[in-house]
Amino acid sequence: MRASWLAGMVCVAIATTALTGCGGGSSSGTKAGAGSPSAASAPTAFKLDESASVPLPISEQGGGVAVSLGEATAAVSVPAGAAAAGSQWTVTALSEAPAGVKKPLSTGIYVDTSKAAPTQPCLVGFLLPGKAPANATIVRIADDGVSTQIIPTQRLVRDGNTMLTAQVDGFSAYTTSEEDKAAIDKAFTDRAKQRGKEVDFTIKVSGTETQKVEGWTFEYELDMFASGGGMQMGGIYNGHASLSIDGKYKGPASIVKSFGTVSGIGRDQSLRFIIVDEPLASLLTGEPVGDPIVAGAGSMKLKGMASLDIQATAPNVKGRYNKKNVKGDDAVPFLIRITGDDVQVEIPNVGIFPGKILRTTK
């Protein structure tokens, strides 16, 4: 498991093999920027950048658009049935953050629904350059440009940039801001009390991957279960996971006879990660829906044990390296790709494991 203390055992196995003479060689939507003007209206408290304005037509399948905010990107995704088909919305970048936002991280957007407000939750997202502050969140600004509301926000760091996404019940102006942690926590608590039990989804992943490295054959097995999301599959997921390794080595036929084994397993009983709904992730990243795109990321905090045994013998010579029940507590990063109901969990330098995501409540 070349990403944790199990990884360390694998590396030791390969290195020890060499040292003992045991081994050989080594969404569907549009994106707007400058030059794509569209008529938009907003309260006077908001300053619009008309050069970064784009129409958002709503069909029976919903709709979605992205708009450039300079170095940042914002997107709005409307699920099927969340707004009346035939509605014509407009999403426009703000030329500056509203006065009520004290620590803005981007300028923001204004969504003009042309009096055809959504009847079900929609999605808003921002892709910010670099690693945003820990207390970065999406905020909604009232029409006076001063009053603000913290929106419960999911955070995903990907390719060195920060993705902030949220489910919203209506539209005005939205932006990103650094806010007080206690106020952010209260926003999550208030929403949970207001909505009670929501629709959620379950992810089940189970599979094996085999690697051949320097005379070793390693077999990894992943078992993961988690549930979360909301009206859409995006959101916070909680569950558990285990990742095991079983490796065997048999040296090439020669005067030196060598063999070895490595085994271990790590478990995370408090797994927690984020998924971004596929259409919104596609709008923010520019990756087409169905590739599949990277829609989630997390880290398994594995606790467990591993053992390693390597032996080499030759005429009048014998060597052995043995470490049993080595305890470990390490984090293994992973990516999640989604296409429809199919899930792929990718662990860098280990492999890709298949799974399913299913709606579990109605």
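Leaving aside its neighbours within four places in sequence, which residues is Thr175 in contact with? Taking contact as heavy atoms within 4.5 Å, they are Val101, Ser106, Thr107, Gly108, Phe126, Thr137, Ile138, Val139 and Ile141.

A word on the basis. This is a predicted model, in which local features need pLDDT of at least 70, side-chain atom pairs count only at pLDDT 80 or more, and totals for chains, interfaces and linings use all residues. Residues are numbered from 1 along each chain as its sequence is written, and side-chain values use heavy atoms, with hydrogens and water left out.

Thr175 lies in strand β12, residues 173-178; strands are DSSP runs of E, at least two residues, numbered from the N terminus. Its relative accessibility is 0%, so Thr175 counts as buried, a term for under 20% relative accessible area with a 1.4 Å probe, protein chains only. The side chain of Thr175 reaches two backbone oxygens: that of Ser106 at 2.9 Å and that of Thr107 at 3.2 Å.

I turn to the aromatic rings. Rings of Phe, Tyr and Trp (its six-membered ring) pair if their centres lie within 6.5 Å; planes under 30 degrees apart count as stacked, over 60 as edge-to-face and the rest as tilted. The count comes to seven aromatic pairs. The rings of Phe46 and Tyr110 have centres 5.6 Å apart and planes at 35°, so this pair is tilted. Phe46 sits in the loop between β1 (30-32) and β2 (48-57), and Tyr110 in strand β6 (residues 109-112), 64 residues apart. Both Phe46 and Tyr110 are buried.

Finally, ring pairs link Trp89, Phe171 and Tyr174 into a cluster.

Key: Helices (H or I, at least four residues) and strands (E, at least two) are DSSP runs, numbered from the N terminus. Buried means under 20% relative accessible area, exposed over 50%, partly exposed in between (1.4 Å probe, protein chains only). A polar contact is a pair of N or O atoms within 3.5 Å; within protein, one must be able to donate a hydrogen and the other to accept it, and residues adjacent in sequence count only if both atoms are side-chain atoms.
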